[in-house]
Amino acid sequence: MDRLSLGVLASGRGSNFQAIIDAIEAGRLNAVVKLLVVDNPNAFAVERAKKHSIEYLCINANEFTTKDDFFLGIAEELKTRGVELVILAGFMRIVRKPLIDAFPHRIMNIHPALLPSFPGLHGQKQAVDYGVRISGCTVHFVEEGMDTGPVIIQAAVPVSPDDTEDTLSGRILKLEHRIFPEAIRLFSEGRLRVEGRVVKISGYKLDDGFVVNPRLS
Ligand code: GRF
């Protein structure tokens with residue numbers, strides 16, 4: 001099978017980007033990152049791209065008249081390079097229609113909570129403040145609206161009464177690094193189909209869709 005062409009959008013440290021690179025290099029994911037786009041010139045994700053000889057662009061939103069134009073510009077750069085799936089790896093903006101229309105159900109995001117709980121910023125802090133006993137992370141397809149699209153994979157972690165935003169974030173991040181490459185792998189194997197707001201996984205095994213690992217510290 002041909003390698004899946006990925007485009008990655010990031011704003012910060014890029015540890016999920018790194019997990020995807022690692023999965024590719026380890027042969028666990030039959031894909032290639034064609035382009036990294038950052039909206040912030042200081043994003044550490046750029047250093048990761050340089051290290052792995054991945055092309056990158058810093059696109060400054062202020063150079064566009066409207067937000068829609070900014071996203072159209074990104075869509076054009078991705079299309080030019082033959083990108084088939086767009087990965088939001090800590091991209092701190094709400095994606096707008098021109099990019100969504102260019103890649104319908106071909107944009108994935110990872111969110112550090114069990115959606116639809118705790119969408120938006122600081123999902124881990126929201127979980128700690130609310131006092132839930134279980135939280136986790138979600139990979140979903142992106143639609144208009146914040147963290148609302150169809151769920152692909154979720155992974156759950158326990159929350160202790162002593163947890164802080166930092167300790168919970170660390171526990172969740174370990175699972176983010178597992179489920180994001182995994183969701184991309186399912187896509188690359190043509191196993192995901194969106195029906196309404198539900199993602200069907202062909203040849204479904206329980207671990208494909210929902211990982212609960214209460215022993216993970
Ligand atoms: C992760 O917690 C992810 O869930 C959220 O943004 C953070 C990005 O971290 N969307 P990194 O840049 O991948 O290290």
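Biologist: Which residues lie nearest the centre of the largest pocket?
Modeller: Please keep in mind that this is a predicted model, where local features need pLDDT of at least 70 and side-chain atom pairs count only at pLDDT 80 or more, while totals for chains, interfaces and linings use all residues. Residues are numbered from 1 along each chain as its sequence is written, and side-chain values use heavy atoms, without hydrogens and water. A pocket is an open set of points on a 1 Å grid over the protein atoms alone where a 1.4 Å probe fits, with protein on both sides within 12 Å along at least five of seven lines, and lining residues have an atom within 4 Å of a point. Here 34 residues line the largest pocket, and those nearest its centre are Gly-90, Phe-91, Met-92, Ile-110 and Pro-112.

Biologist: Which helix gives the largest share of that lining?
Modeller: Helices (H or I, at least four residues) and strands (E, at least two) are DSSP runs numbered from the N terminus. At least two lining residues of the largest pocket come from each of H1, E5, helix H5 (123-130) and H6. The largest share, 4 residues, is supplied by H6.

Biologist: How far apart in space are Ser-169 and Pro-112, C-alpha to C-alpha?
Modeller: Ser-169 belongs to helix H6, and Pro-112 is among the residues nearest the centre of the largest pocket. In sequence Ser-169 and Pro-112 are 57 residues apart, but in space their C-alpha atoms are separated by 7.7 Å.

Biologist: Is Ser-169 buried or exposed?
Modeller: The cut-offs are under 20% relative accessible area for buried, over 50% for exposed, and in between for partly exposed (1.4 Å probe, protein chains only). Ser-169 has 18% relative accessibility, so it counts as buried.

Biologist: How many aromatic pairs does the whole structure hold?
Modeller: Rings of Phe, Tyr and Trp (its six-membered ring) pair if their centres lie within 6.5 Å, with planes under 30 degrees apart stacked, over 60 edge-to-face and the rest tilted. A search of the whole structure gives a total of 5.

Biologist: What is the angle between the planes of Phe-71 and Phe-91?
Modeller: Phe-71 sits in helix H3 (residues 67-80) and Phe-91 in the loop between strand E4 (85-88) and helix H4 (97-102), so their pairing links distant parts of the chain, 20 residues apart. Both are buried, Phe-71 at 2% relative accessibility and Phe-91 at 7%. Ring pairs also join these two with Phe-64 and Phe-70 in a cluster. The Phe-71 and Phe-91 rings are edge-to-face, 6.3 Å centre to centre, with an angle between planes of 90 degrees.

Biologist: Which residue forms an aromatic pair with Phe-141?
Modeller: The pair is edge-to-face, at 6.4 Å centre to centre and 65 degrees between the planes. Phe-141 lies in strand E6 (residues 134-141) and its partner in helix H6 (residues 165-188), so parts 46 residues apart in sequence are tied together. Both residues are buried, and the partner is Phe-187.

Biologist: How many of the 11 residues of helix H1 are buried?
Modeller: Helix H1 spans residues 15-25 and is largely enclosed by the rest of the structure. Its buried residues include Phe-17, Ile-20 and Ile-21. After H1 comes Gly-27, with a positive phi near 80 degrees. Of the 11 residues in H1, the buried ones number 8.

Biologist: How many disulfides turn up in the whole structure?
Modeller: A disulfide is a pair of cysteine sulfur atoms within 2.5 Å. Cys-58 is partly exposed at 40% relative accessibility, whereas Cys-137 is buried at 0%. The search of the whole structure returns a disulfide count of 0.
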